[in-house]
Amino acid sequence: MDFTEVTISTATPGIDPVTGLLDDLGIEGYVLEDAADFQEFLQDTEIYWDYVDEDLVREKSGAETRIKIYLTQDADGEAQLAALRQRLDTLRAADPEGRYGRLAAEAGTVRQEDWEWGWKQYFKPFPVGTRFIVKPSWEECAPEEGRMVLEIDPASSFGTGSHETTQLCMAALEKAVHGGEKVLDMGTGSGILAIAAAMLGAEVGAVVDIDENCLKTAQENAEKNGVRIGRGFCGDALRDPALADALGGGYDVIVANIVADVIIGMAPMFAGKLRAGGALICSGILDGRADEVAEALRQAGFTVAERAQRGDWVRFTAAR
């Protein structure tokens, strides 16, 4: 069965009234794209970005808040859509100041297979480094000689293994982990790097992310691969000294696939948490910021042992 995707254009103050009438009509489940969230996101996470696309900022700055629902393409769906438009007309008439936005409902067709699979059709098993094959749970994959299958479902978290920075870090972990090393994963995302370290024989002591959903996803992915990735910490260790202290120390390997500014800011903390002779693997660094990051690492007491690059992205392995 195909579905009708209905996009309701509104404004942030209109979210509650519109979702309320959806409840009244028995329409369960919706996708909310609140225009105000983008501005809040930029303000709250500015430190985590080397750049933000100016075209995207312009686009989002003038964007409407949108609520998407999916109705069956049958008589029941048509009746729900007609009732929805009638209720939106009534709500618009009661809002002469236009605080709730346009309150327009635009409809289009979504095929069931597209709705269910979407981007999943493009996520196929692929080799990473010399030791891994990365695959999603919905794909079958026979192990190859000398390679381990790492199963990852990223959900909304960063890290399918396809990005250059993830692959650079996984290749570095293959060199740094021989078995028994204590590992800290900063900015774990889907957990792929922590899981790779654990599969190589490391003891992952802690994983950290600013998004609690990432920690949940990472633990679920670890279970799928039959490994443990230690305790999850949610927060910003750069701004929260108590969190930084709670992470402990004595790590043999720290992997941080974040961004240049955060690596620069955390370099002294990393130095304090690594044992002598330990390795810091860091990426998420654009080529234009690489020299700046390397200098910050040196000032924190590291020696840059290796620099690797794929496309515009750089990874450093630094020794303490």
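**Exercises: a helix and a sheet**

**Exercise 1.** What span should helix α6 (residues 164-176) have at 1.5 Å a residue, and how far apart are its end C-alpha atoms?

*Solution.* Start with the rule: the expected span is 1.5 Å times one less than the number of residues. Helix α6 has 13 residues, so it should span 18 Å; its end C-alpha atoms lie 18 Å apart, which agrees. Helices here are DSSP runs of H or I with at least four residues, strands are runs of E with at least two, and both are numbered from the N terminus.

This is a predicted model, where local features need pLDDT of at least 70, side-chain atom pairs count only at pLDDT 80 or more, and totals for chains, interfaces and linings use all residues. Residues are numbered from 1 along each chain as its sequence is written, and side-chain values use heavy atoms, leaving out hydrogens and water.

**Exercise 2.** How many residues of α6 are buried?

*Solution.* Buried means under 20% relative accessible area, exposed over 50%, and partly exposed in between (1.4 Å probe, protein chains only). By that rule, 10 of the 13 residues of α6 are buried, so the helix is mostly covered. Among them are Leu168, Met170 and Leu173.

**Exercise 3.** In which order do the 7 strands of the open sheet lie, and which are the edge strands?

*Solution.* Two strands pair if DSSP finds at least two bridges between them. The order is β10-β9-β8-β11-β12-β14-β13, with mixed pairing. The edge strands, each pairing on one side only, are β10 (231-234) and β13 (303-310). Now look at one pair: β9 (residues 203-209) and β10 run parallel, joined by 4 bridges. Here Ala206 stands opposite Arg231 in β10.
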